[in-house]
Amino acid sequence: MYKWLWLSFVVLVLDQVTKLAVAANMQLYQSIQVLPFFNLTYVHNTGAAFSFLSEAGGWQRWFFAVLAFVISVVITVWLARLKRHETLLAVSLALVLGGAVGNLIDRLAYGYVIDFLDVYYQDWHWPAFNIADSAITIGVALMIAESFGFGKKDEAS
C-alpha cells in the first residue's frame, strides 16, 4: 500500500510551504483576523500537542523528534503490510505519516514546531495548530472510524 505515500507527500509539502510562508511574512506572535472565529497567529511550540511539555527545558525537542521518527517508521512498515482492500486505513496512516514528518522537520530544523491556525470563541482560544496537526487529527479520526467498521462495506464489494 505504498501507493498512498503520495498523500503523505502532499501533506508534507502543504505543511512546510504554509509554515515557511507564515515565518517569512509574519512576526512572532502576530495575529491576523481572517474570520470572526479564526486568526492566523504565528507561534512557536516547543512541546507536543496543546504545548504539552513546552516548558520542560529543552530535552523534549529530542524526545519528540525521536518519537516522531519511530512512529514514522512504524507507520511506513504498517502501510507496507496492509491488504489492498484496507483503503481507509491506508489513507488514515498516510495522513498521520505526512503530519508526523512535517512536525519532525520543524523540530530538527528549528527546535520547535511552527503553529499558526488559531480557532477561538470570544476569549477562549483552541491551542494554535498547523497543517501537519490537522492531517494527524483527521488521520486518527479516520482510523477510529475504520476500527468501528466505517468503510468495511467497500471490502465486501
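I started from the UniProt record, an unreviewed entry, which lists Asp115 and Asp133 for "active site". UniProt positions follow the numbering used here, with feature names shortened, and such annotations may be inferred rather than shown by experiment. The two span 19 residues in sequence, yet no two of their C-alpha atoms are more than 8.9 Å apart, so they gather at one spot.

I noted the basis of the model. It is predicted, with local features needing pLDDT of at least 70 and side-chain atom pairs counting only at pLDDT 80 or more, while totals for chains, interfaces and linings use all residues. Residues are numbered from 1 along each chain as its sequence is written, and side-chain values use heavy atoms, with hydrogens and water left out.

**Entry: Asp115 and Asp133**

I placed Asp115 in strand 3, residues 113–121. Asp133 sits in helix 4, residues 131–147. Helices (H or I, at least four residues) and strands (E, at least two) are DSSP runs, numbered from the N terminus.

Is Asp115 buried or exposed? It counts as buried, because its relative accessibility is 3%. Buried means under 20% relative accessible area, exposed over 50%, and partly exposed in between (1.4 Å probe, protein chains only).

I then listed contacts (heavy atoms within 4.5 Å). Leaving aside neighbours within four places in sequence, Asp115 touches Thr41, Tyr42, Val43, Asn45, Ala128, Phe129, Asn130 and Asp133. With the neighbours within four places left out again, Asp133 contacts Asn103 and Asp115.

**Entry: the cores**

I looked next for nonpolar cores, meaning sets of buried Ala, Val, Leu, Ile, Met, Phe, Trp, Tyr and Cys residues joined through side-chain atoms within 4.5 Å. The largest has 15 residues, and Trp4, Leu7, Ile75, Leu79, Leu82, Leu93 and Leu95 touch the most other members. Helix 1 (5–25), helix 2 (59–81) and helix 3 (87–110) are the elements giving two or more residues to this core. Helix 3 gives the most, with eight residues. Apart from this core lies another, of nine residues, including Val22, Met26, Phe38 and Phe129.

I checked Trp4 separately. Beyond its neighbours within four places in sequence, Trp4 is in contact with Thr87, Ala90, Val91 and Ala94.

**Entry: the whole chain**

I counted five helices and four strands. Along the sequence the pattern reads α-β-β-α-α-β-β-α-α. Of the 157 residues, 38% are buried. Among contacts with a separation of 6 or more, 64% join residues 24 or more positions apart.
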